[in-house]
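Me: Hi! I've got a model open here and would like to talk through a few parts of it. Could you walk me through it?

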Amino acid sequence: MSDIVKQRLRLTIHGAVQGVGFRPFVYRLATDLGLYGWVCNTAGGVLIEVEGPTAALQEFLLRLTRDHPDRAVIYGTEPLFLDKAGYTEFAISESLPGEPSAWIAPEIATCDDCRRELLDPGDRRFRYPFINCTHCGPRYSIISRLPYDRANTSMHRFVMCPACSHEYHDPGDRRFHAQPNACPDCGPNLELWDSSGQVLSKGDAALCQAVGLVRDGRILALKGLGGFHLIVDASADSGVELLRQRKHRHGKPLALMFPHISSVKDACYVSPQEERLLISPAAPIVLLRRREGFPAISTGVAPGNPYLGAMLPYSPLHILLLNDLGRPIVATSGNIAEETICIDEHEALRRLGDLADFFLVHNRPILRAVDDSVVRVILDTEQVIRRARGYAPLPILIDSPVSSILAVGGHLKNSVALSQGRSVFISQHIGDIETPQSCEAFSRCIRDLSQLYSIKPERVVCDLHPDYFSTQEARSMGLPVISVQHHEAHVFSCMGENGLQPPLLGVAWDGSGYGTEGTVWGGEFILVTMEGTRRLAHFAPFPLPGGEAAVREPRRVLLGALYASIGLAVFESQNAQFLSAFTTSELAALRQVLERKINSPLTSSVGRLFDAMAAVAGLGASNSFEGQAAMALEFSLPPVTTEEAYSFQVLDKGDDVPVIIRAPLWAEVLADRQRGVPTGIMSARFHNMLVDIIIWAVRRSGLDRVALSGGCFQNRYLTERAVTRLRAAGFMAYWHQRVPPNDGGLALGQILAAVRLSSGKA
Ligand code: ZN
Ligand code: ZN
Ligand code: FE
């Protein structure tokens with residue numbers, strides 16, 4: 001019998017496989033095995049049909065799963081064996097028209113092969129700052145619509161030269177179907193401008209001149225992959241200070257870019273896990289513990305902060321710049337304060353003209369702003385703190401399919417999300433929606449995401465806060481609106497990414513979120529059952545004298561917390577030590593405000609408790625950015641801490657009324673302060689108390705699983721101690737890994753909470 005049974009294998013692959021060299025890989029694999037058929041892009045992935053002997057098809061399936069390109073994210077593979085169709089060749093077919101095609105790949109850091117060519121004087125792309133291949137380069141930032149073909153990217157204006165075109169059409173070439181493929185003869189190029197837009201130099205000369213300027217301590221605006229960076233020599237104290245002044249960024253750490261991994265290790269402690277993240281294709285900013293006394297970093301980069309935000313050069317332009325400089329640079333977002341990052345060189349001249357001395361620009365348009373992502377390692381796993389370049393807009397896969405819903409997120413650290421089936425596409429970090437410019441960016445991002453994925457949302461979910469810009473926008477869309485309480489959204493976000501079903505206890509701690517009875521929430525224990533959600537417990541509310549202004553002044557927060565605890569006694573002389581932070585007239589005014597309950601909203605926020613604690617411990621005179629005082633308190637923890645904890649009291653009035661937790665007992669804290677207990681020990685006793693309260697709450701709930709969410713759980717000590725102690729006590733603990741615990745993760749939770757609300761459950 002010469003007849004070997006031939007069959008056809010139809011393989012549906014779900015995943016982010018476009019723009020990562022997946023179809024060329026399938027082509028090579030099929031050709032290797034002598035199989036005929038075709039591969040094409042489809043909605044949500046790739047469809048393959050191959051035909052041949054069954055054993056070869058099994059081998060194909062195995063090798064496809066095992067050897068696929070690193071950057072392909074595969075969520076499911078559905079093989080179906082059919083009768084043969086009689087194919088006579090293997091072809092890469094056009095994309096299927098109609099429905100939205102596959103997910104869009106994020107930006108991918110320059111691969112080793114491209115890096116080698118970039119630095120090889122014999123290569124035709126030697127020192128060409130736009131080198132890329134199917135394994136690396138820009139993606140999300142250059143695509144205008146799906147499918148991901150050159151005509152649908154901002155590279156469409158560049159006509160490939162014969163050499164590039166040959167690579168692009170050769171299935172055996174690393175640049176086969178590399179959409180941004182280019183070379184010095186046919187692709188984008190560099191220019192150096194002064195701050196009035198005058199061209200000073202072009203091409204490699206522009207790069208060399210820019211290097212010299214940075215070396216001289218000048219501030220350079222550099223058009224990168226997903227937007228502009230503001231760059232200054234990291235060792236130049238005056239340059240770093242000047243950048244801070246011009247950017248209106250006081251105190252908040254600045255990100256650093258290092259020439260290579262060994263230079264990161266000179267400045268910081270790098271665990272294998274952290275190293276993996278630094279050199280990963282996403283190449284995020286990784287928060288690393290710094291080494292003492294490393295001289296090449298100005299103290300102005302991250303004042304009083306034991307961590308540095310470090311990244312490696314991820315585009316060829318960054319590689320060349322850092323290679324030539326040979327020293328770390330500050331590479332911070334090209335924006336003022338918390339606005340959206342600049343992407344266009346003419347816009348940059350307008351918006352950054354007063355910030356930067358020179359502009360290193362190019363003519364490959366960036367179609368959307370994608371900021372650098374920020375991650376840290378907690379409990380030996382990655383926690384994404386800011387989800388943007390390298391991550392967006394990949395979906396988070398959820399357990400069961402949902403209808404198409406748009407979630408508009410919150411107000412600060414905003415990002416939005418769109419659901420379709422089991423995918424929730426989370427936008428890149430948009431920022432704080434505080435300026436007309438960021439409002440516009442927010443609206444643009446919603447339009448952009450729904451157009452790219454061709455998703456028409458049936459409903460929109462927003463926060464309960466009536467005054468948020470995002471809430472108002474949601475209400476103006478002409479769609480059914482669902483409002484979700486802020487902290488419930490946090491808890492559902494953590495449940496969503498961990499695939500958790502009720503019942504469980506949600507612990508949602510952050511700076512602030514709109515509560516349901518006129519108070520500001522932020523220290524919440526939320527019971528999630530199949531029947532619904534219930535506020536099991538919360539911290540005792542205290543007044544914030546002066547409202548929003550108090551948030552920038554931890555001493556005011558402390559005054560409010562003490563007033564709630566001991567009343568007018570707070571103004572008596574035994575508290576002179578901390579009262580001296582105020583002038584006599586300030587004290588008189590604040591006393592009036594508190595007594596008459598004027599502009600003194602009540603809050604149960606743990607974020608504010610951190611502020612109050614920082615103030616009493618002598619840290620955090622001001623909060624120039626959100627979380628500054630809380631971070632100072634975390635950073636003050638000594639390496640070897642204490643097991644001691646401050647006490648707390650519970651006011652338990654029975655099942656249907658939320659339990660009120662009084663903590664810390666300020667008498668203990670003030671006594672510590674009076675006795676001169678070191679700040680770090682006070683900080684540890686405070687952190688430890690918070691974990692004791694979590695343990696108490698889960699016991700009170702009668703459940704065995706806890707989801708930790710909200711910005712407070714960016715605090716590594718708090719999260720690690722909570723999880724460790726919960727596990728030791730026999731409970732299961734979950735925290736954020738793929739989406740931020742802060743408000744950047746709200747949109748995912750809003751979608752999941754809305755689905756439960758509208759299905760009549762939870
Ligand atoms: Zn490459
Ligand atoms: Zn070319
Ligand atoms: Fe929040």
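Predicted model: local features only at pLDDT ≥ 70, side-chain atom pairs only at ≥ 80, totals over all residues.

Me: Great, sheet to begin with. In what order do the five strands of the open sheet come?
Reply: The order is E17-E19-E18-E20-E21, and the pairing is mixed. From one strand to the next the twist averages 30°.

Me: And which are the edge strands?
Reply: Those are strand E17 (395-402) and strand E21 (481-484), each of which pairs on one side only.

Me: How many bridges join E20 to E21, and do they run parallel or antiparallel?
Reply: Strand E20, residues 459-463, is joined to E21 by four bridges, and the two run parallel. Within that pairing, Val-461 stands opposite Ile-482 of E21.

Me: Switching to helices. At what angle do H1 and H2 pack?
Reply: The angle is about 145°, and the axes are 11 Å apart. H1 covers residues 22-32 and H2 covers residues 54-67. Their crossing is right-handed.

Me: Which residues meet there?
Reply: From H1 you have Phe-22, Phe-25, Val-26, Leu-29, Ala-30 and Asp-32, and from H2 there are Phe-60, Arg-63, Leu-64 and Asp-67. Seven of the residues in this contact are nonpolar, three are charged and none is polar.

Me: Nice. Now Val-264: why does it count as buried?
Reply: Because its relative accessibility is 0%, and buried means under 20%. Val-264 lies in helix H7, residues 261-267.

Me: What is Val-264 in contact with, leaving aside neighbours within four places in sequence?
Reply: Its contacts are Phe-258, Val-270, Leu-278, Leu-288, Ala-310 and Leu-312.

Me: Last topic, rings. How many aromatic pairs are there?
Reply: The count comes to 12 aromatic pairs. One of them is Tyr-128 with Phe-130, an edge-to-face pair at 5.6 Å centre to centre with 65° between the planes. Both of these residues are buried.

Me: What about Phe-425 and Tyr-453, stacked or edge-to-face?
Reply: Stacked: the centres are 3.9 Å apart and there is 25° between the planes. The pair links distant parts of the chain, with Phe-425 in strand E19 and Tyr-453 in the loop between helix H11 and E20, 28 residues apart. Phe-425 and Tyr-453 are both buried.

Me: And which residues do ring pairs link into a cluster?
Reply: Trp-509, Phe-525, Phe-539 and Phe-713 are linked that way.

How values were computed: Residues numbered from 1 in each chain as written. Chains lettered and ligands numbered in written order. Heavy atoms only, no water. Pairing = 2+ DSSP bridges. Axes fitted to C-alpha atoms, helices over the stretch in contact; angles between N-to-C directions. Left-handed = near helix turned anticlockwise from the far one by under 90°. Contact = heavy atoms within 4.5 Å. Nonpolar A, V, L, I, M, F, W, Y, C, P; charged D, E, K, R; others polar. Buried < 20%, exposed > 50% of the residue type's maximum accessible area, 1.4 Å probe, protein only. Phe/Tyr/Trp six-rings, centres within 6.5 Å; stacked < 30°, edge-to-face > 60°.
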